[in-house]
Amino acid sequence: MKVEQLSLFTKNPTKKFTLPEVCRLLSISVATGNNWIKLGKLKPDEFIQDKPMFTKTNIDTILEQMKSGQDDKLKSRRNKKHVSGISTYKGYIEDEKSFQIVEKIVDSIKVDEQLEHKTNIIIAEYALKLLYSSKKIHCPDSDCFLLAYLQGKYSLGIYQPLIQDLISPIGEILESLIEELSTILSYSVDYSRNQDFLGLLYISLTCIGERKATGSYYTPFSVVSSMIDDFGSKNIFSTNHTVIDPCCGTGNFLIYTSNYVKNVEQVFGQDTDITSVMITRINLALAFTIKDINVLYHNITVGDSLEGLPNNQYDIIIGNPPWGYAFTKDRIEELCKTYEVACPKGIESFSLFIENAIKHCSLQGYIGFVLPESMMNVRSHQQIRNFILNKAQIKKISYLGNVFSGVHCPSIVLLLQKSDLPFSTVGLEISTKDKIFTIQESRKISDQSFDFAITDEEYSLILQIEEQPHLTYLKKQADFALGIVTGDNKRFILSEKSEGAEIILRGSDLYKYRAIPSKDYIVYTPELFQQVAPTEFYRAEEKLLYRFICDRLVFAYDDQQSLSLNSGNILIPKIPGLHIKYILALLNSSIIQFYHTKKFASVKILRSHIEQIPIPIAEAKTQEKIIKKVDGLLTSNSKDEISSLYQEIDKDIFALFDIDDRSIDIIMNEVSNKNNFLF
Ligand SMILES: C[S@@+](CC[C@H](N)C(=O)[O-])C[C@H]1O[C@@H](n2cnc3c(N)ncnc32)[C@H](O)[C@@H]1O
């Protein structure tokens with residue numbers, strides 16, 4: 001565990017803190033920190049080479065304000081957590097009773113500079129209780145097993161080093177801390193196979209800022225168990241295969257692997273975090289039959305897996321690598337020398353772990369990782385997609401949705417098999433919330449996007465759309481701009497119209513074709529806003545505004561030079577010969593909705609995706625016919641009329657793509673049971 005946050009305070013009282021350090025202490029992003037400086041909520045004591053610096057007294061004051069709730073911005077629940085910086089990690093284990101014990105511990109522990117030591121003591125005590133409950137050790141009945149052990153009342157046998165590792169660094173304050181923690185150490189727990197109770201304790205007692213900065217969101221039990229059971233059902237774990245989790249945390253994947261791999265000698269793990277490695281060893285001691293404790297020290301190691309793994313090759317590599325790890329500049333430089341998928345502009349930790357795993361996997365061996373769904377289609381992950389296409393076969397993708405407590409991040413389990421054959425989609429299994437199917441056809445796949453979550457029938461339809469003659473694209477033929485980020489909506493957004501104020505639209509005010517403004521106003525003062533596009537985009541004669549986060553494409557027409565917040569972004573098409581209202585109709589149509597959902601599966605409506613939408617180059621006459629209907633939609637107040645005009649436009653656009661009735665059925669089946677955002 002790194003208690004850098006707290007030790008920063010105690011070790012050197014005159015030290016000045018940089019903005020990233022302060023943000024880490026406050027568990028806010030650096031962008032938010034910068035904004036708070038701009039708004040005067042954070043006041044640096046001085047600037048060194050243009051960089052804001054803060055004294056300890058300054059930070060103490062901010063933390064004090066957080067505690068007292070004196071400042072509005074610090075009153076939110078999220079920020080209240082930063083007073084202690086710790087919270088019980090929901091969804092990690094399934095055993096409710098154990099969860100409640102951890103909750104009681106987290107609620108009652110005093111967070112101070114001894115937190116690291118206290119955490120080790122708590123883990124040691126509960127490790128002893130679990131070893132006892134699983135009948136691995138015998139000991140006298142005692143409230144505090146650790147104290148009884150220290151008093152020499154019983155022996156831990158081969159397990160002694162596992163407990164000593166945790167408590168040895170504490171030194172002479174050990175007994176006084178045990179006394180301080182006596183209530184916290186007094187709960188009784190029963191060993192429950194497969195459940196990572198010690199891991200839950202550890203991650204819950206780790207500062208939230210630390211969890212975020214290291215990308216350490218531990219994987220919920222339900223994900224681990226269904227992933228490993230699935231691999232088990234495919235007979236991936238065969239008798240002599242070796243398994244490693246190269247970022248094992250407290251060993252949750254390895255614990256569950258014990259249901260399929262009987263011999264601990266075959267199981268390996270590595271992590272940079274010393275305490276979590278110690279816990280993994282204890283967890284494996286609980287899950288497996290251990291004859292020689294040295295095996296645990298040999299197989300479960302502290303180390304940077306991106307630098308190397310203890311063995312050169314493994315048959316199965318599993319886990320949940322860190323996502324979005326914040327590497328230092330120097331480290332990025334080093335990594336760029338070793339990893340094909342690393343590039344100085346942006347480096348994504350999970351991509352490095354995939355490349356590393358493929359390199360360390362035996363031919364025909366398997367890699368199973370939990371990853372963000374964005375890996376499948378976001379442009380910045382193109383290099384890792386390319387690497388996979390060249391070195392592996394994708395055997396299965398399970399779309400999990402949002403499975404990490406408190407984080408909005410759809411996730412997947414990706415199962416790869418290392419291969420030296422050309423990439424093929426035949427036999428690739430797909431599991432989504434709605435359906436499970438196996439791709440039977442060979443598809444043309446590029447690293448642009450992995451759009452696998454579509455059946456063979458849907459795939460043929462996408463091809464048909466893409467292969468129409470006379471298509472064009474918005475790429476390089478449109479202006480895109482973001483809505484305004486004020487940095488402080490409370491200050492800038494007014495609920496009544498006042499002098500100089502005008503309507504500002506939110507994403508939620510946008511419907512297909514038109515905006516229905518709620519009554520929010522703003523005085524347009526771009527120089528005071530946190531982020532703002534050039535004024536000419538907001539004030540364009542005609543533009544389209546679209547919802548940025550939505551599972552539908554929702555584009556509204558605007559010729560009122562309206563302003564919008566960044567939940568509604570701007571598109572100004574500039575395709576010669578194609579009218580803005582024709583493009584509006586196309587982007588709002590059912591066929592393009594189908595295309596967007598199937599191709600990009602994204603709830604963020606990204607510029608790069610909009611740029612790839614195929615646009616038929618329609619003749620002037622055809623456009624005129626559609627535009628007339630668009631004008632009807634823009635002015636009508638009759639729901640029935642709006643709905644029938646919308647359907648008529650849909651038909652026109654189906655005709656432009658030459659889509660037959662059977663295909664129209666497939667498309668409408670997919671899109672018609674969802675909110676259409678018509679108003
Ligand atoms: C998302 S957590 C996964 C932990 C656990 N396997 C789970 O899924 O719950 C990522 C883990 O990667 C570890 N880690 C980060 N960078 C690492 C590196 N370069 N080498 C090894 N482990 C690393 C972190 O300490 C953390 O425990």
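# Notebook: helix packing in a predicted chain

**Entry 1, helix 20 and helix 24.** I looked up the axes of helix 20 (residues 456–466) and helix 24 (residues 590–600), which come within 11 Å and cross at roughly 120°. Axes here are lines fitted to C-alpha atoms, for helices over the stretch in contact, and angles run from 0 to 180 degrees between N-to-C directions. Helix 20 and helix 24 are therefore oblique to each other. Angles under 35 degrees count as roughly parallel, over 145 as roughly antiparallel, 65 to 115 as roughly perpendicular, and the rest as oblique. I noted a left-handed crossing where helix 20 passes helix 24. A crossing is left-handed if the near helix is turned anticlockwise from the far one by less than a right angle, and right-handed if clockwise.

From helix 20, the contact uses Glu 458, Leu 461, Ile 462, Ile 465 and Glu 466; from helix 24, Ile 591, Phe 594, Tyr 595, Lys 598 and Lys 599. Contact means heavy atoms within 4.5 Å. By class I get six nonpolar, no polar and four charged residues. Ala, Val, Leu, Ile, Met, Phe, Trp, Tyr, Cys and Pro count as nonpolar, Asp, Glu, Lys and Arg as charged, and the others, Gly among them, as polar.

**Basis.** The model is predicted: local features need pLDDT of at least 70, side-chain atom pairs count only at pLDDT 80 or more, and totals for chains, interfaces and linings use all residues. Residues are numbered from 1 along each chain as its sequence is written, and side-chain values use heavy atoms, with hydrogens and water left out.

I find ten of the eleven residues of helix 24 buried. Buried means under 20% relative accessible area, exposed over 50%, partly exposed in between (1.4 Å probe, protein chains only). The cover over these buried residues includes helix 20, helix 23 (580–587), helix 25 (607–610), helix 27 (639–656) and helix 28 (661–671). Just after helix 24, Ala 601 takes a positive phi of about 40°.

I placed Asn 377 in the loop between strand 8 (361–372) and helix 19 (382–391). Asn 377 counts as buried, at 10% relative accessibility. Beyond its neighbours within four places in sequence, Asn 377 touches Arg 385, Gln 448, Ser 449, Phe 600, Ala 601 and His 609.

The axes of helix 6 (residues 96–108) and helix 11 (residues 197–204) come within 10 Å and cross at roughly 30°. That makes helix 6 roughly parallel to helix 11. The crossing is right-handed. I listed Ser 98, Phe 99, Ile 101, Val 102, Ile 105 and Val 106 of helix 6 against Phe 197, Leu 200, Leu 201 and Ser 204 of helix 11. This contact has eight nonpolar, two polar and no charged residues.

In helix 11, eight of its eight residues are buried. One of them, Ile 203, has a relative accessible area of 2%. Ile 203 and Tyr 89 lie 114 residues apart in sequence and 6.9 Å apart in space, C-alpha to C-alpha.

I counted 28 helices and 21 strands. Helices (H or I, at least four residues) and strands (E, at least two) are DSSP runs, numbered from the N terminus. Buried residues make up 56% of the 679 residues.
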